[in-house]
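Okay, thanks for coming, everyone. Let me put the model up on the screen, and then we'll walk through it strand by strand.

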Amino acid sequence: MEEPVNRTILLMDIEGSGSRSDVEQGVLRRLLYGVLKETLSAASVEATEYRTEDRGDGVLTLLDATVPKPQLIRALLTETPMRLAAANRLSSQGTQVRLRMVLHSGEVALDAYGAVGSDLVEGFRLLDSDPLRAALKETDEPCVLCVSEAVHRGVVRHAHPGIEPEHFHRFEIRGKGSEGRLGGWIHDRSRKRAEDGTAEAATTADTAAADRGSGGSGGPAGPFPPPGGSGNFFFGHSPQITGDVVAGHKIVGRPWDGGADR
């Protein structure tokens, strides 16, 4: 195995691919790779600056750390949904493509079988998380982008041209075993955080599910909802943080900064 090097990790996964026929899945794969290629081209990424690994109903792309992340984020927020919408207009119902996307950064090593590394695992945890799945289901957009804490801290929060931090909303999930908690930021143009954060609602949507499977107490840690409360999030309007109940879920705690189709 090679020594690990820092890479930008881009993950894409097709919603509901398991319910499609083999023929439809073949069409979906071609559409996915076409959209990926067009997105990277729009971000001025050269063919020598990235490599891909197929994931059946998704794709893993590893990019050289020299590729500027702001230009990649801009392409994912503009070029990707535009290309998907264009492809879907010409596709049958069974070959409509909707994507969950994650942009992460970390140390990745390559061996004879492909890429490996704990940072890569974190990216897939975000990709498969309930909050990201719910975000795609709740929007009419053909794709939803999630950036990791590392990408948000290093790029998004600095408001580079074309990137609006107020449209990114934080969520937290519980990892498996000893992995601890993992945070990410979902982009939603229809919602905007106020400077004091009051438009956000803390969420630990995966925590309860993880605890039910492991027999844990389900009590969130840190600055997230206190014991007895369960955070959640929803789209379409800004929740009232105090005493707001939506679909049986009470919004508690401070603004939220917190599967399976595969």
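Let's start with strand 4, which is mostly covered: eleven of its 13 residues are buried. Buried here means under 20% relative accessible area, exposed means over 50%, and partly exposed is in between, with a 1.4 Å probe and protein chains only. Helices (H or I, at least four residues) and strands (E, at least two) are DSSP runs, numbered from the N terminus.

Quick housekeeping before I go on. This is a predicted model, so to speak of a local feature we need pLDDT of at least 70, and side-chain atom pairs count only at pLDDT 80 or more, while totals for chains, interfaces and linings use all residues. Residues are numbered from 1 along each chain as its sequence is written, and side-chain values use heavy atoms, with hydrogens and water left out.

Overall, the chain has six helices and ten strands. Of its 262 residues, 49% are buried.

Back to strand 4: what does it pair with? Strand 1 is one partner, running antiparallel to strand 4, with ten bridges joining them. For us, two strands pair if DSSP finds at least two bridges between them. If you want a spot to look at, asparagine 6 stands opposite glutamate 107 in strand 4. Strand 6 is another partner, but this one runs parallel to strand 4, joined by five bridges. Here you can find leucine 99 opposite cysteine 143 in strand 6, and arginine 100 opposite valine 144. Then there's strand 5, residues 114–116, pairing with strand 4 in the antiparallel sense over three bridges. Those two make a hairpin with two residues between them, and aspartate 111 has glycine 114 in strand 5 as its bridge partner.

One residue I'd like you to click on is glycine 106, which lies in strand 4. Is glycine 106 buried or exposed? Its relative accessibility is 5%, so it counts as buried. Glycine 106 touches Val5, Asn6, Arg7, Ile9 and Asp119, leaving out residues up to four places away in sequence; a contact means heavy atoms within 4.5 Å. Take isoleucine 9 from that list: it sits 97 residues from glycine 106 in sequence, but 7.4 Å from it in space, C-alpha to C-alpha.

Now, strand 6. How many of its residues are buried? Six of the six, so strand 6 is largely enclosed by the rest of the structure. Cys143, Leu145 and Val147 point one way, and Val144, Cys146 and Ser148 point the other. Strand 6 also pairs with strand 8, residues 181–187, this time antiparallel over three bridges, and there cysteine 146 stands opposite isoleucine 186.

That brings us to the inside. A nonpolar core, as used here, is a set of buried Ala, Val, Leu, Ile, Met, Phe, Trp, Tyr and Cys residues joined through side-chain atoms within 4.5 Å. The largest one has 32 residues, and those with the most contacts inside it are Met12, Ile73, Leu76, Leu99, Leu103, Leu145 and Val147. Elements giving two or more residues to this core include strand 1, strand 4 and strand 6, along with helix 1 and helix 2. Helix 2 gives the most, with six residues. There's also a second, separate core of 21 residues, including Leu127, Leu136, Phe171 and Ile173.

Most residues other than glycine have a negative phi. Serine 44, in the loop between helix 1 and strand 2, has a positive phi of about 60°, and with 52% relative accessibility it counts as exposed. Alanine 159 also has a positive phi, about 55°, and sits in the loop between helix 5 and strand 7. With 43% relative accessibility, alanine 159 counts as partly exposed.

That's my tour, so let's have your questions.
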